[in-house]
Amino acid sequence: MKIGVKTLLLLLGLALVLVWQLGSVDTDRRWLASLALVAYALVLWRGLRRARSDDTQSAGCQDYWIAYGTETGTARQLAQETRKRLRKAGFSAEVVALNRLASVSPPDKALLMVVSTTGDGDPPKTGIGWDDEGVSAAFAHRPFAVLALGDRSYPRFCAFGLDVTHSMQQAGAQPLFATVQVSQADPRMLDVWYRQLLQEATVSSA
């Protein structure tokens, strides 16, 4: 659980009040306990600053942002594999949950979206409400591509992924290539995704 500086100071203040209200503890021990609490709070504060610095760097400019909408973790794993392959090819890339796209800047090259469909065409837990505030419009001036994951045994196969594609196109974004639909993580279709993506990436950097 992440805490803010104000919360940290509040907790420290409460802890110090409790220490000095302990009537059975002598003054020297109270001072030692107070110093220990202050030192611990300082350690936590430094860790908080470091975490915020990492978040800032992570949210900075990237060649590619890879947004994942996942229910069981498969889409996140494939997003991470996509990042690995792009980095190996010499590009900067980072992953982000689909419903946290508003927290990052548009990529220099393209937005990639790896999204699962759950139930009868429903969004996964990290995709719920992803475009409630018109996030797609903020990325409309960047190309995009969608890897839609699903199961052909369901009537609305890859429905959420196709909805994401539609939302992006309605906002004015241009697809790098047609949405790649994958049933049960079919390795042959995943290879189609990787090949098309790396081909487009190579062409755009030439």
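Here are a few notes on the sheet, its helices and the salt bridges in this predicted model.

1. Five strands make up an open sheet with parallel pairing, in the order 2-1-3-4-5. Strand 2 (93-97) and strand 5 (180-183) sit at the edges with a single partner strand each, so one side of each has no neighbour in the sheet. From one strand to the next, the twist averages 20°.

2. If you want a specific pair to click on, Met-113 has Val-146 in strand 4 as its bridge partner.

3. Helix 3 (residues 74-88) lies across strand 1 (64-69), strand 2, strand 3 and strand 4, and runs at about 165° to strand 1. Helix 5 lies across strand 3, strand 4 and strand 5, at about 160° to strand 4.

4. Leu-162 belongs to helix 5 (residues 159-170). Leaving aside residues up to four places away in sequence, Leu-162 touches Phe-157, Thr-179 and Gln-181. Take Thr-179: 17 residues separate it from Leu-162 in sequence, yet the C-alpha to C-alpha separation is 7.4 Å. Leu-162 counts as partly exposed because its relative accessibility is 35%, and partly exposed covers the range between the buried cut-off of 20% and the exposed cut-off of 50%.

5. On to the charged pairs. A search of the whole structure gives five salt bridges. One of them links Arg-85 to Glu-81, with the closest N and O atoms 2.9 Å apart. Both residues are in helix 3, four residues apart, or about one turn of the helix. Arg-85 is partly exposed at 34% relative accessible area, and Glu-81 is partly exposed too, at 26%.

6. Asp-191 counts as partly exposed, at 34% relative accessibility.

7. Finally, have a look at Arg-188 and Asp-186, a salt bridge with its closest N and O atoms 3.3 Å apart.

Conventions: Residues numbered from 1 in each chain as written. Predicted model: local features only at pLDDT ≥ 70, side-chain atom pairs only at ≥ 80, totals over all residues. Heavy atoms only, no water. Helix = DSSP H or I, 4+ residues; strand = E, 2+ residues; numbered from the N terminus. Buried < 20%, exposed > 50% of the residue type's maximum accessible area, 1.4 Å probe, protein only. Contact = heavy atoms within 4.5 Å. Pairing = 2+ DSSP bridges. Axes fitted to C-alpha atoms, helices over the stretch in contact; angles between N-to-C directions. Salt bridge = Lys/Arg side-chain N within 4 Å of Asp/Glu carboxyl O.
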